[in-house]
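Colleague: I'm new to this one. Can you walk me through it?

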Amino acid sequence: MWISLIGFMGSGKSTVARLLGERALLPVVDLDREVVRREGATIGELFRARGEPGFRAAESAALAALSPDADLVLACGGGLVTTPAAVALLRGRGCVIWLDAPWETLQARLAAAADAGDDRPLLAAGDWEAVRALDGARRPLYAGAADFRVRTDQTAPEVTARRVLTRHVAWQRQR
Ligand code: S3P
């Protein structure tokens, strides 16, 4: 069964996924990294060469190539939820968890990551109002796709990861 983490850029998916993998002894798959590995190009290069639709197609293909029966933690890219078929696939594979933080926290994290040189084409224009609007527009998609939501701005990542696992156990019992 998969434990899939969704949420906006900067919500902490990669960090929490790594901690979950360590705690639950599960392999961790980062979907962005899978796309880069499969396509032999960076996310920025894919956006520039194929546009966002081309990137989304590569993202969906990488998702579909993951073993349905594997036990794993999956850190999804922030825009995966804009592809309805991808959301349906995630939900069919296991538990979908929305990692969430207020805009101010996301912006601070993203600004720090951009200063450190990370490759997020949707931030390249430096138009924070547009990014904020994207966060707002996607919130209903995250809410609709997720089995439950965990905030990442109130506790240290280790505590957040423990909370995710506790909620996941409760979710499994309810099924
Ligand atoms: C994107 C988020 C990125 C990456 C790509 C597009 C998005 O992943 O997939 O830059 O549309 O929100 P992270 O959420 O891991 O930054």
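Colleague: Let's start with leucine 25. Is leucine 25 buried or exposed?

Modeller: Keep in mind that this is a predicted model. Leucine 25 counts as exposed, because its relative accessibility is 74% and the cut-off for exposed is over 50%.

Colleague: Where is leucine 25 found?

Modeller: In the loop between α1 (13-24) and β2 (28-30).

Colleague: What about the phi of leucine 25?

Modeller: Positive, about 55°, although leucine 25 is not a glycine. Most residues other than glycine have a negative phi. Leucine 25 is also the residue that follows α1.

Colleague: OK, α1 then. How far does α1 reach from its first C-alpha to its last?

Modeller: α1 has 12 residues and reaches 16 Å. That is close to the 16 Å expected at 1.5 Å a residue.

Colleague: Which residues of α1 are buried?

Modeller: Lys13, Val16, Ala17, Leu19, Leu20 and Gly21.

Colleague: Which residues does serine 4 touch?

Modeller: Leaving out residues up to four places away in sequence, serine 4 touches Leu74, Cys76, Leu90, Cys95, Val96 and Ile97.

Colleague: New topic. Where does leucine 31 lie?

Modeller: In helix α2, residues 31-39. Leucine 31 is buried, with a relative accessible area of 1%.

Colleague: What does leucine 31 touch?

Modeller: Not counting residues up to four places away in sequence, its contacts are Glu59, Ala62, Leu63, Leu66, Leu74, Ala75, Cys76, Gly77 and Leu80.

Colleague: And how far apart are the C-alpha atoms of leucine 31 and histidine 168?

Modeller: They are separated by 21 Å. Along the chain, leucine 31 and histidine 168 are 137 residues apart.

Colleague: How do α2 and α3 cross?

Modeller: Their axes come within 10 Å and cross at roughly 110°. α2 and α3 are therefore roughly perpendicular to each other. Among the residues making the contact are Leu31, Val35 and Arg38 of α2, and Ile43, Phe55 and Leu63 of α3.

Colleague: α3 also packs with α4. At what angle?

Modeller: About 20°, with the axes of α3 (residues 43-64) and α4 10 Å apart. That makes α3 roughly parallel to α4, because angles under 35 degrees count as roughly parallel. The crossing is left-handed.

Colleague: Which residues of α3 and α4 meet?

Modeller: Ser60, Leu63 and Ala64 in α3 meet Ala86, Leu89 and Leu90 in α4.

Colleague: Staying on α4, how exposed is arginine 93?

Modeller: Arginine 93 is in helix α4, residues 84-93. Arginine 93 is partly exposed, with a relative accessible area of 22%. Arginine 93 touches Met1, Trp2 and Pro68, not counting residues up to four places away in sequence.

Colleague: How far is arginine 93 from glycine 79 in space?

Modeller: 19 Å, C-alpha to C-alpha. In sequence, arginine 93 and glycine 79 are 14 residues apart.

Colleague: Last stop, α5. What span should α5 have?

Modeller: Helix α5 (residues 103-115) has 13 residues, so at 1.5 Å a residue α5 should span 18 Å. The end C-alpha atoms of α5 are 18 Å apart, which agrees.

Colleague: Which residues of α5 are buried?

Modeller: Trp103, Leu106 and Leu110. They cover an arc of only 60° around the axis, which puts them on the same side of α5. The buried residues of α5 pack against α6 (128-145).

Colleague: How do α5 and α6 cross?

Modeller: The axes come within 11 Å and cross at roughly 130°. That makes α5 oblique to α6. The crossing of α5 and α6 is right-handed. The contact includes Trp103, Gln107 and Ala111 of α5, with Trp128, Val131 and Asp135 of α6.

Colleague: What follows α5?

Modeller: Glycine 117, whose phi is positive, near 90°.

Note on methods: Residues are numbered from 1 along each chain as its sequence is written. This is a predicted model: local features need pLDDT of at least 70, side-chain atom pairs count only at pLDDT 80 or more; totals for chains, interfaces and linings use all residues. Side-chain values use heavy atoms; hydrogens and water are left out. Helices (H or I, at least four residues) and strands (E, at least two) are DSSP runs, numbered from the N terminus. The expected span of a helix is 1.5 Å times one less than its number of residues. Buried means under 20% relative accessible area, exposed over 50%, partly exposed in between (1.4 Å probe, protein chains only). The arc is that of the directions from the helix axis to the C-beta atoms. Contact means heavy atoms within 4.5 Å. Axes are lines fitted to C-alpha atoms, for helices over the stretch in contact, and angles run from 0 to 180 degrees between N-to-C directions. Angles under 35 degrees count as roughly parallel, over 145 as roughly antiparallel, 65 to 115 as roughly perpendicular and the rest as oblique. A crossing is left-handed if the near helix is turned anticlockwise from the far one by less than a right angle, and right-handed if clockwise.
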